[in-house]
Amino acid sequence: MGCSSSKIQDLEKQTVIPKNGKLIAQNAASEKWKKEGFSDVDLLQQSTQDRNTSATKKSEVQKFNTGDRVHLRGYIGTVKFVGATELGQGDWVGIEMDKELNQGHNGSYEGIQYFFCKPKHGVFARSALVHALNKSDQEAMENDSQISPHIVLFIQTRMRRYIKYIKKKRLELTSSVDREIDAHVRKTPKDATESIEKLSQYLTAPFEESQRSRAFALYRWITLNVSFDSEGYFGRAEKKECRAESVLVTRSAVSQGFANLFQALCMEADIQARSVDGFAKGYGYCAGDEIQGSKFAHTWNILRTRVGWTICDVTWGSGFLGDDLMFHRQPNAHYFMVTPELAISDHFPLDTKWQLLDAVISKEEFENLIVPSPAIFSSGLRLESHKNCFYQEESDSIVITLRAPKRNMIRGVLKDSSGQTIGPRNMIDVTSGKLKEADFLIPVKVTTHFPEPGEYRVQICLVSAEGQLVPGVEYRVRCSRGVGQNTGGFPHLGTSFNTLGFELIKPLENIATENGRANIVLSCEDRKVTNLKCKLTKVFLDSGDNTLKEQVQDKSMCFVEKRLKLFRIKVNSPQTGTYKLDIFAKKAYANSEYICTYFINAYSGVKSPAGFPYLSEKFSSRGFTLVDKFENIEARDGEASVTLKIPVGVRITGYLKSGEEDLPNMCYTEMKPRDKGAKTYESTVHIHTPRAGVFKVNIFGREANGDTQFVCSYVVKSLKPAGDNPGFPRVSGQLKTWGVELVDQQQNITSPDGKASVKIKTPNDLRIFAELNEINSKKIPGMCLVRDVDEMVTGGNKEMTEKGIKEITKEGIKEITKEGIKDITKEGIKEITKEGIKEIKEGRIREILLHTPAAGFFTLNIFGQKKKDNKKFLCSFRVKATRAASENPGFPLLTNEFHSLGLKLTDQYENLMTNTGRGSITLKTPGSILLRGRLEQDDQHLDEDLCSSEHSKGLTKISFHLPEAGLYKLNMHGHEGSKSEPQFLGSFSVLGTRGLGERAGFPTVREEFRNWGLRLESHKENISVYDGVVVLSVLNPNSVEIEGHLLDSNDNDMTRAWVKRDDQDERMAFHIKLSKRGKYRFQISGSNVAGGEREPLCFYKIYY
C-alpha cells in the first residue's frame, strides 16, 4: 500500500522481534512474571534485573554441557551450544528442541551460526531458565503432548504488550520542545475535539510564536489518535469517509483522510498547507518495483513555514501495516517536515511541480531511486556512490561507498531475492577509511560478495546503541558471477569487537588455505583483554537429513600469542573441509565476550600431528614463553626438543605418555646459563620416543618452594624410535642439590664395542662411585672405573670490582664487605661483597668408564658420597651393547688404600690383554711409596720374578711376563718407606694369548740393590741369546764393591772361564761368552762396606 512505511515494518522485524532465542526466553517467562504480580510495563525492568542477578549469583545457575538433555518451560530438547552470543551479556544456552516451534530458528542469529539444527527447532535461553531433564520430568512432559492453546494465547498477548512497551520507550521524543508539545497534545480534553476549529485552537494556543511548534502539535495529535483504515484499504469493509470532519469523528481513514484532516487543522492555525496526491514506496514495495496502480497510490501534505516548503506524511507518522494485514500504531516524527530532496526518494507527486525540486525527475527515475530509511537521515549518514535501488553487476561483488559521522555504525546483511538472509557466512564487509582534516564525515566502503549468479538484496543497516540492527537502505543487485557456495565472504564482527577496541589487521576476508594452515592478526586497544579463546568447528552437510551439522574440533587446533596490543591466532585444519572459527575475548575475572567469526576453507588438512601446544592458564601470567616450537611436533627420527623461556627460580620437567601409559625417563631437561640480572632463562626439554606412534609430552614447572604446576603439553608424532636405546638418565634430586652436572652423556648409552664413558662435573669434596647392573639389578663387579680428568673446572670471575668479590663456588663465602666476611664454610666461598666477584665455580671433571661383559641391556648406576655421609644415588643410565667390550672386559679393582695413598693410573685403565706374553702398567706414585707386582693364577701366587717394578720421577712402572697363555691376576702391593709393611692396593685381570715359557721373568733385585744406588742398565728382563754372547752393565755411582758369578744348571761356577769384568768410572760391564747351550744363572753380589761380606743383590736367568 502507499499508506504505510515498509521501512518501519522492517525496523520492527529487526529490532523488536528478531528470530532468536531472546524472544522465546521472554515468552516462556511471561506467565511467571504475571503470576508474581508484575505489570506489563515492569517486564523490561524485570528482564534487566534478571540479567544482573544472573551475573552476580553464578553459584545458583546450572552448568550445562553440549549433549545434555534439558527442558525449557515444558519443551524438551538437547543442548547444542553454551557461551557468549550477540543476544546480550553473559552466557546463553542454545537448545535444539524435539518439536518444531513457531518462534524457533536454525541455530543462527544475525548471520552467526552458533550451532546447527533443523529449521524452527532452535532456541536460545538464559541458563537460569533451563533445567536438566530427569526421568520424572520426561514422563510428566510426555503425558502432556502439547501446551494448552489458551496458555499460548495468553503468553502471546502478554508479549505483544511487552513489545509495545519497548516500542514506546524507543520512540520517545528526544527534543525537550517536542516532549513539551507531546505532553500538551496528550492532555487534549474531549470537548476540544468536537470540531476542527476547537481542536486546532487548543493544540496551537501555547505555541503562537513558533510556526514549526504549532504544526508539530497538529501532526502529533493525528499520529497519536487516528488509525489507518486497514479494513477499507484491503476491501474487507467499505472505506471510511475521508472528509476532515468525518475523520475527526471516526478517527480512522486511509492516507487521503489523514492528509485532509492535517490540511484543515493547519488552515485553522493560519499555516500554509495542502494535500498532494501521488505514489509512495510504502506497504508491499520492493526495491526496483514498477510504481503504478492503486497499490502505491498515496496522499500526503506539503507545508510552508519560515524555512520554506517541506513534506509531511501524517499517515506514515502514525504507524505501519504488518504482515498480518493489520494497522500497528507507532507514532514517530520521522515524516514531519522532510526536505524535498529527501522526500523524493519515496514520494512522487502526480503534479511534478509539487516535487519542489529545481530539476524535476521522471517516474522512471523515481522508481529506480534508493529509499533511505528515516534512521539514515537522523544519523547523519550520507550515500556517496549508489543512489539507485537496482544494479546489474557483471562481477561477483559490488562496492558501495558512504560517509558516516563515526566509525562502526554500519553493518550489512545479504538476502536472497525472496528476502531470506544468506548464511551462515557474512558476505558483506564494512571498512572505515581515514578521516581527512577538511572532512566531517568518515569514508566507508561496503563490499558485498555474491555466492553465485542471481538476484540479491543488499541491506545496509545502522547499529543502534543497544547493538541492534536498524534498516537503512536496501539495494537489489543482479550479478552474473559468484564467488561460489560456501566460499568467500568476510569475518562476522560481534558488537564487542568495536566496544573492546579490536581491529582486523589480516586477513580481511574469510580464509581459503591450500595447506590447512591459517594466520589471523588482530589488534586490541583494551588493555584489560588478557587473552583470546578460539573455538574451531567443522561444518558439513549431513547426507541423512540433508542438514548442516557441526563438529567441534580439539582446542589444540588453535594457538594464540600476544605481543603488546597484537594478537596472532594460528589455526590448523586437521582435514580437508569447511571450518568455522569463533573468537572470544578474555578479560581477567570476567566472562569471555564474543568477538568475531571466520570461515576457513581447507583444501587439504595439516599433516599429522596437526595442532598447537596446549598452554595452561598461568603460562603467560607466570612469565613462560615459547622459544622454538609453536606447533605440535613431528619427530622423524624419534627425537625432539622444546625450549621455553622460564622465570628464574623455576625448573621444568617433561613427562612422556602414550595414551594412559606413562613412559618414564623419556624426557630430559637442559638448563642453559642465564644472563646477568635476567629474570628469565632458557630451558630445553629433550624428548625421545620408544617407538613409532603418537605421544603426548606434559611439561610441569617446579617453584622454589616446591609447588609443581602444569605448564603446557605437546602432541608428538614419531615416525620411528629414537635409536636402539631411547631415553635419558634417571636423575635424582640429590644430583642437583650437590651441584653435579652431566657433561657429555645426556641420554641413554648405545655402545657398538661394549665400551662407553660418562663425564660429570662434581664438587671437589664429592667422591663418585659407579656400578654396572644387569636388567634384573644383579651387580656385575669390576665393570666400571671412576677417574679424575686432569682439568679443573673454573667458571671464572663473573664480576670483580674494587669493592670485592661475590659468590665463589656454591658452598663458598656468601658475602665479604667492608664490614667483614659473612658465612664462610669449609667447602668454599659463595659471595664476597655486594659488587664483588660473582660465582667462581670450582669443581672437577670425573669420568666413569664402563665395559659390558656381553651383548645386551645393562644399567649404569652412579652414586656420590661426602665426608661423614652415606653413599647416595645420583643418576642411572640404561646401556645397550651390541657385543662385549673385549675378551677380558672390565677394569682394575682399586682399594681405598690405593686412593688414600694418592696413587693414580696413568696409562692403563682397563683390564689387560697381551698377545706377546709381556705387559706393563704405569702409576703416579707420590713421595716414598714403593710398589711391586705379583702374578696370580687360579688363586696361586706365581714366581716373583715374573713382575718387575721401576720407580723414576714420581712414576712407577710395573712390568710382567706370562709364562704361558691364560687368564691371570696382576696384584699390586705397596708400602711407604722401606720399614713399613706392604699392603694390597689393587689388581688387574690379565689375559694372554701366548706365553714366554722358560724365558719369562725379570732379574730378581733386592731392596739393598736399589738402596745402595745400583741400577741395571743393559738388561731389564731375563736373557735369551742365540750366539752365546751377553754383555750386562750396571750403574754404580757410589762405587759399591760388587762382583758377578755365572752358574750353570748344576750350580757350577763358570765365571773364570766365560766372564770378563770391565770397570768404567761409574759403570761396570760383565762380558759373558757361553760355550755350551743350556740354562744359566748370573748373580751379582756386593757390599757397601769396604772389605765386608758380599750379599746377593741381583739374579738373572740366561737361556742359550
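Reader: What describes the packing of helix α8 against helix α11 here?

Author: Keep in mind that this is a predicted model. Helix α8 (residues 211–225) packs on helix α11 (residues 255–268) at an angle of about 145°, and their axes are 10 Å apart. Those are the quantities to quote, because two packed helices are described by the angle between their axes and the distance between the axes. The crossing of α8 past α11 is right-handed.

Reader: Which residues make that contact?

Author: From α8 you get A215, L218, Y219, W221 and I222, and from α11 F258, L261, F262, L265 and C266.

Reader: How do you know what kind of residues the contact of α8 with α11 holds?

Author: Ala, Leu, Tyr, Trp, Ile, Phe and Cys count as nonpolar. Sorted that way, the contact has 10 nonpolar residues, no polar and no charged.

Reader: Now for the rings. How many aromatic pairs are there?

Author: The structure holds 29 aromatic pairs.

Reader: Why is the pair of F584 and Y594 called what it is?

Author: Two checks. Ring centres have to lie within 6.5 Å to pair, and planes over 60 degrees apart count as edge-to-face. F584 and Y594 have centres 5.8 Å apart and planes at 70°, so the pair is edge-to-face. F584 belongs to strand β32 (residues 577–587) and Y594 to strand β33 (residues 593–602), 10 residues apart. They also share one aromatic cluster with F81, Y114, F115 and F124.

Reader: Are F584 and Y594 buried or exposed, and how do you know?

Author: Buried means under 20% relative accessible area. F584 has 11% relative accessibility, so F584 counts as buried. Y594 has 2%, so Y594 is buried too.

Reader: What makes K281 a charge over a ring?

Author: For Lys, NZ has to be within 6 Å of the ring centre and within 35 degrees of the ring normal. K281 lies over the face of F366, at 4.4 Å from the ring centre. The charged end of K871 sits over the ring of F863, 5.6 Å from its centre.

Reader: And S732: buried or exposed?

Author: S732 has a relative accessible area of 15%, and the limit for buried is under 20%, so S732 is buried. S732 lies in the loop between β44 (730–731) and α18 (733–737). Leaving out residues up to four places away in sequence, S732 touches F873 and L874.

Reader: What does the whole chain look like in numbers?

Author: The chain comes to 21 helices and 76 strands. Buried residues make up 49% of its 1104 residues.

Conventions:
Residues numbered from 1 in each chain as written. Predicted model: local features only at pLDDT ≥ 70, side-chain atom pairs only at ≥ 80, totals over all residues. Heavy atoms only, no water. Axes fitted to C-alpha atoms, helices over the stretch in contact; angles between N-to-C directions. Helix = DSSP H or I, 4+ residues; strand = E, 2+ residues; numbered from the N terminus. Left-handed = near helix turned anticlockwise from the far one by under 90°. Contact = heavy atoms within 4.5 Å. Phe/Tyr/Trp six-rings, centres within 6.5 Å; stacked < 30°, edge-to-face > 60°. Buried < 20%, exposed > 50% of the residue type's maximum accessible area, 1.4 Å probe, protein only.
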